[in-house]
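Open the model in your viewer and keep the selection panel at hand. Each stop gives a selection and what is there.

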Amino acid sequence: TRRPPHHTLDAALMNPPTHAWLKWPGASQNEIIDFNNKLAKLSKRVVSPPRSIDWVFLDELGIKSRVEEMILVQIRGMDRFTSLAWRRSFGLQENVYREWCLEFFATLDFDMKVKSSQLHAQKCISFWLGGQSRSMTLKEFSVLTGLYTREEVVDRYFDTFLAEGQTDRGGFDIDSYWNEISGEPRFRKSRSLASHIKKPILRVILKMLTYSFIQRSTGHDKMYHEDLWLLNLFDKGDSSRYANVPWVLVRHMVSRASGTQADSQICCGHFVTRIARSLGLVDQASMAPCSPATDMKLIDKKVFDMAKLINRVTEKLIGESEGSSAPVTSATQVPPK
């Protein structure tokens, strides 16, 4: 039996949405068919509430400064250019609106073939939001998502910094790194678990990644190649090796966070709300037709307690002594000259 073609009018046009944004005003017929096919899949998904790190709680645990050091990016060769993108992504606090997520993820497209030297100039990201089509460079996207400020992206080093950030795990020896942090000989997907990592501070960073940045609704103890690659960048002291954060984010949103997989939920909606806010859409008129917001939650004591990361006697991170200030080597912090 032949499968029906992807672009089928029956599937794409039946039960048209009532929300004005989801009628794609001004789009071509082919675009409407494509958007509605994606929308039909997304409409069945639940919006997963994102989480933001509770910095106050990390401070109470005595590890706030260590976490901040590990996620800070400083590049000496660029006159000590400093990036706070990771800290901002983990601390982003925005409620989520279902209609904005449906509109954004049904239309999101990312041209990953763009040359790294052109990420500041070539439009490679497109989506609809607020009833309008949007097209932009990765540099512009990084501002809309709140990863960088408008003042930072005009810095003379920013374009070089963006171009030289890693966008994939090419050359990363996953088995070697997994052996280093877990003691197990090689990484095995679905069998290698976060609870096997020996350093508690790395498990804290991993929780921040999977609950906030690479947001998942379930399976937080499972390890994936992308998790280990990013964790490796935080864990090493080589300042020349850092992730291109906006690239990693939009690639993740395209491939997994949109909720198009059969058993997935819609994730990363807090970034969509921040984009809407940056575009000036967060006002009473735009929000009135939306469903009630999905509230933001915190990566707090309960999350760490469930992961068995807290010593219930000392109320500190397991493996940490009271008031411990042991140094940790940062993945991105430049060592002193």
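This is a predicted model: local features need pLDDT of at least 70, side-chain atom pairs count only at pLDDT 80 or more; totals for chains, interfaces and linings use all residues.

Residues are numbered from 1 along each chain as its sequence is written, and side-chain values use heavy atoms, with hydrogens and water left out.

**Stop 1: the helix pair.** Select helix H2 (residues 29–42) and helix H6 (residues 98–107). Helices here are DSSP runs (H or I, at least four residues), numbered from the N terminus. The axes of H2 and H6 come within 8 Å and cross at roughly 130°. Axes are lines fitted to C-alpha atoms over the stretch in contact, and angles run from 0 to 180 degrees between N-to-C directions.

Now show side chains. On the H2 side, pick Phe35, Lys38, Leu39 and Leu42. They meet Arg98, Leu102, Phe105, Ala106 and Thr107 in H6. Contact means heavy atoms within 4.5 Å.

**Stop 2: helix H13.** Select residues 269–278. Seven of the 10 residues are buried, so H13 is largely enclosed by the rest of the structure. Buried means under 20% relative accessible area (1.4 Å probe, protein chains only). Among the buried residues are His270, Phe271 and Ile275. Step just past H13 to Gly280, which takes a positive phi of about 80°.

**Stop 3: the cysteines.** How many disulfides does the count give? The count is zero, with a disulfide being a pair of cysteine sulfur atoms within 2.5 Å. Select Cys101: the nearest cysteine sulfur, that of Cys268, is 9.3 Å away. Cys101 is buried, at 1% relative accessibility.

How values were computed:
Buried means under 20% relative accessible area, exposed over 50%, partly exposed in between (1.4 Å probe, protein chains only). Helices (H or I, at least four residues) and strands (E, at least two) are DSSP runs, numbered from the N terminus.
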